[in-house]
Amino acid sequence: MTQPRLPGPDPAASRSGVSAAVPGAPAAGAIGDPGGNPPGGDTYPDAARRAGRPRPVWRTFRRHKPAVVGAVITLFLLFVVLFAEFLAPFGTGRLNADYTYAPPQTLRVSLSEGLYVHGYSFEQDENLRIHYSPDDSERIPVRLFAKGEPYRLLGVIPADRHLIGPVNPDDPMYLLGSDRIGRDQLSRLIHATRISLSVGLVGVALAFVLGVVLGGISGYLGGRVDTLIQRLIEFVMAVPTLPLWLGMTAAIPVDIGPVRRYFLISVILSLLAWTTLAREVRGRFLTLRHEDFVTAARLDGASGGRIVFRHMLPSFTSHLIAALTLSVPGVILAETALSWLGLGMRPPVVSLGVLLNDATSVRVIDQAPWLLLPGLLVVVIVLALNFVGDGLRDAADPYRH
């Protein structure tokens with residue numbers, strides 16, 4: 001008596017190398033078939049490679065809406081830094097004593113005359129103060145890409161065109177008002193933004209190099225070198241920051257040139273801003289130097305410099321970028337505070353702190369509140385950079401993906 005054959009693969013088909021279909025069994029290529037491919041025609045190695053690939057940082061960053069807004073503002077500010085002379089209607093030294101504390105003008109447009117602003121009419125009160133008001137009978141023509149004071153674009157290309165300006169360079173045009181001696185506030189604000197941001201970027205770059213180098217040496221070598229560097233860090237962190245800044249900037253000679261003073265201020269700010277980053281880099285290196293890939297590189301004969309710069313540092317580059325971005329606002333605030341106290345940048349160099357120093361009188365608050373705009377700009381810059389730093393930190397965090 002022959003027993004009924006159970007459903008299964010045909011032995012003849014198996015011997016011939018052809019696999020027969022089994023009722024109820026998944027077809028070739030279905031999920032769970034160890035010998036097939038996943039649906040969609042992808043092979044398992046490709047699917048595994050895509051599954052193990054981290055989500056792109058940009059995709060996570062753009063979901064952080066404040067960070068995206070901050071990035072747009074930061075890119076615009078960097079554009080201002082590069083093309084400040086072109087964007088500013090006038091130079092920082094142009095003044096007109098006939099228009100002191102002149103209020104902002106409204107930029108208007110008409111089909112017949114194009115862009116224009118109204119002139120000023122003024123009267124003097126019993127306290128000899130001049131009060132300005134718009135003069136509707138006088139129209140000052142304004143032009144885009146107007147010809148004005150010559151300058152060098154990017155410090156190299158000679159040019160004399162400005163984004164906006166009066167047709168006659170001697171006519172008064174104060175879109176954001178004027179200061180106590182008749183200087184255009186918009187032009188000075190653009191140039192001050194370039195100085196303050198560049199000081200912050202240079203200072204953070206120097207602090208970044210010091211923090212990464214000293215922190216990396218401390219964490220990688222350990223021993224007495226680590227102890228010596230950590231005691232140095234603790235000494236610098238124990239000194240009160242503001243008095244040390246004040247003392248170091250006050251030691252700069254008064255008659256020093258603006259370029260050298262700019263460089264020395266950047267160095268002073270960087271000398272006090274590297275300790276936190278050095279501690280973070282040291283902690284990372286202490287953890288990474290016992291990892292398998294570091295041991296494998298060492299056994300392969302790689303030098304210490306190659307292990308540090310080709311294997312260890314790239315493993316947390318995203319964290320360094322976020323830390324670098326979050327450090328810029330602190331340096332900008334420090335420079336602004338020093339310049340506001342009269343110990344940082346000094347005229348004729350303009351920075352946001354220098355402009356705020358000109359707005360410390362009660363008369364400014366009462367008669368020319370537009371001179372407080374540098375303070376608002378400092379808040380915007382700091383918030384934008386902090387938002388960008390937060391977005392980069394969240395996007396680079398692998399545990400959030």
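Predicted model: local features only at pLDDT ≥ 70, side-chain atom pairs only at ≥ 80, totals over all residues.

Colleague: What share of the residues in the protein chain is buried?

Modeller: A residue counts as buried when its relative accessible area is under 20%. The protein chain has 401 residues, and the buried share of them is 38%.

Colleague: On to charges, then. How many salt bridges are there by this rule?

Modeller: Side chains of opposite charge can pair when their charged atoms come close. The rule asks for a side-chain nitrogen of Lys or Arg within 4 Å of a carboxyl oxygen of Asp or Glu. By this rule, the number of salt bridges is 7.

Colleague: Which residue forms a salt bridge with Glu 113?

Modeller: Glu 113 has a partner whose closest N and O atoms lie 3.4 Å from its own, and that partner is Arg 139. The pair links distant parts of the chain, 26 residues apart: Glu 113 is in the loop between strand 1 (108–110) and strand 2 (114–124), while Arg 139 is in strand 3 (residues 130–153).

Colleague: Where do Glu 234 and Arg 231 lie?

Modeller: Glu 234 and Arg 231 form a salt bridge, with the closest N and O atoms 2.8 Å apart. Glu 234 is partly exposed at 35% relative accessibility, and Arg 231 is partly exposed at 42%. They sit 3 residues apart, about one turn of the helix, and both lie in helix 7 (residues 223–238).

Colleague: Are Arg 188 and Asp 179 buried or exposed?

Modeller: The side chains of Arg 188 and Asp 179 meet in a salt bridge at 3.8 Å, N to O. The cut-off for buried is under 20% relative accessible area. Arg 188 comes to 4% and Asp 179 to 4%, so by that cut-off both count as buried.

Colleague: Which residues line the largest cavity?

Modeller: Rolling a probe the size of a water molecule over the atoms shows where empty space is left. The structure holds 1 cavity of 30 Å³ or more, and the largest cavity has a volume of about 40 Å³. Its lining includes the salt-bridge partners Asp 179 and Arg 188.

Colleague: One last thing: with which side chain does the side chain of Glu 335 make a polar contact?

Modeller: Glu 335 lies in helix 13 (residues 317–340) and is buried, at 0% relative accessibility. Leaving aside residues up to four places away in sequence, Glu 335 touches Ser 196, Val 199, Ile 265, Leu 269, Met 345 and Ser 351. The polar contact, at 3.0 Å, is with the side chain of Ser 351.

How values were computed
Residues numbered from 1 in each chain as written. Heavy atoms only, no water. Buried < 20%, exposed > 50% of the residue type's maximum accessible area, 1.4 Å probe, protein only. Helix = DSSP H or I, 4+ residues; strand = E, 2+ residues; numbered from the N terminus. Polar contact = N/O pair within 3.5 Å; in protein donor to acceptor, adjacent residues only side chain to side chain. Contact = heavy atoms within 4.5 Å. 1 Å grid on protein atoms, 1.4 Å probe; cavity = no way out; pocket = protein on both sides within 12 Å on 5 of 7 lines; lining within 4 Å. Points joined across faces, edges and corners; volume = space filled by probe spheres on them.
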